[in-house]
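This report goes through one protein model part by part. Please keep the sequence and the 3D view open while reading.

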Amino acid sequence: MKKKIKFGPAGNPIGFNGQTVDVCDYINELGLGAYEYQATYGVRIKKESALKLANNAQKNDIKVSMHAPYYINLSAQKEDVLERSIDRLVQSARAAEWIGAYRIVFHPGFYTKYTPQEALKRCKGAISELLNNLDSLGIKNFTFAPETTGKRSQLGNLDEIIDICQSFDHFAPTIDFAHLHARGRGCIKGADDYHKILGKLEDGLGIGSGSESLHCHFTRIEYTDAGERKHHVLNETEYGPPLEELFEALIDCGWNATIICETPFLEMDAILMQKMYQKYL
Ligand SMILES: [Zn+2]
């Protein structure tokens, strides 16, 4: 059975000069179906604007997600860093509720001096505190989506993301395939590799053909032994991971997905991805 994949840019389209509250008009005109609002340098959107953005997205039937600030480390050693990280996620959840964002994407943290197991444990402790804070503030409509990270120094390989999402309500994964490819030093070569990833998600989290939508990021990526180095545009096919094979795997498995384009060409490459996908329909 064929399911729908929605495509959209990570942040405001390059060709868009208007105000963010109207951005979904433009995305709809381009024929795209998704948008990831970027709060990567801090959650600054006011409630009034956020509600306008939500209206505009609904009017245009655009699926909106939100990227939380980069400066988050839920496995930090220092208590003040942990507290600030939790605060940023609280602010993100509040704004996401206004915007109507179906996912709040974030990078969980860094291993630093900890073993991966210790870092994961610290991260989960911080998430428990985060969820308690949100509960006491009465913030209820949110789904955090920890992202598979691109550097080997970062918490967030596929198993860790699955583990985090298994451990808490209000959590679902963001699968950045380029990050998995980069931290795996070029590990995604074909449809089989994508099937392995989807299989793990299905076994670990029960994601499958009946699920709402798998939230994904995609770009061509250059990497070193340490992981991701640079994002490249879609046409630079000397960089992986492959894209058609991802479509094949998602279609084979009958999954719904939202794919956010993180190449330097944002909306242009999102359109190109969508065109490639439409060949399969
Ligand atoms: Zn990403």
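How many bridges join strand 3 to strand 4? Strand 3 and strand 4 (residues 104-106) run parallel and are joined by 2 bridges.

## Basis of the report

This is a predicted model, in which local features need pLDDT of at least 70 and side-chain atom pairs count only at pLDDT 80 or more, while totals for chains, interfaces and linings use all residues. Residues are numbered from 1 along each chain as its sequence is written.

Helices (H or I, at least four residues) and strands (E, at least two) are DSSP runs, numbered from the N terminus. Two strands pair if DSSP finds at least two bridges between them.

An open sheet of 4 strands has the order 2-3-4-6, with parallel pairing. Its edge strands are strand 2 and strand 6 (144-146), each of which pairs on one side only. From one strand to the next, the twist averages 30° (axes are lines fitted to C-alpha atoms, for helices over the stretch in contact, and angles run from 0 to 180 degrees between N-to-C directions).

Strand 2 and strand 3 (residues 63-67) run parallel and are joined by 5 bridges. Tyr 37 has Met 66 of strand 3 as its bridge partner, and His 67 has Val 105 of strand 4 as its bridge partner. Strand 2, helix 2 (residues 47-59) and strand 3 form a right-handed β-α-β unit; a crossover is right-handed if, with the strands pointing away from the viewer, the path from the first strand over the helix to the second runs clockwise.

## Buried parts

A residue is buried if 20 or more other C-beta atoms lie within 10 Å of its own, exposed if 12 or fewer, and partly exposed in between, with C-beta atoms placed from the backbone. In strand 2 (residues 34-38), 4 of the 5 residues are buried, so this strand is largely enclosed by the rest of the structure.

A nonpolar core is a set of buried Ala, Val, Leu, Ile, Met, Phe, Trp, Tyr and Cys residues joined through C-beta atoms within 7 Å. The largest nonpolar core has 85 residues, and those with the most contacts inside it are Tyr 35, Met 66, Ile 99, Ile 104, Ile 259 and Cys 261. Helix 4 (residues 116-137) gives the most to this core, with 8 residues.

Pro 9 belongs to strand 1 (residues 5-9). Is Pro 9 buried or exposed? Pro 9 is buried, because 28 other C-beta atoms lie within 10 Å. Pro 9 and Tyr 35 are 26 residues apart in sequence, yet 5.5 Å apart in space, C-alpha to C-alpha.

Two residues are in contact if their C-beta atoms, placed from the backbone, lie within 7 Å. Leaving aside neighbours within four places in sequence, Pro 9 is in contact with Tyr 35, Cys 261, Leu 266, Glu 267 and Ala 270.

Most residues other than glycine have a negative phi, and most peptide bonds are trans. Asp 61, in the loop between helix 2 and strand 3, has a positive phi of about 55° although it is not a glycine. Asp 61 is exposed, because 10 other C-beta atoms lie within 10 Å.

The peptide bond from Gly 240 to Pro 241 is cis, with omega near -5°. Pro 241 lies in the loop between strand 11 (227-232) and helix 8 (244-253).
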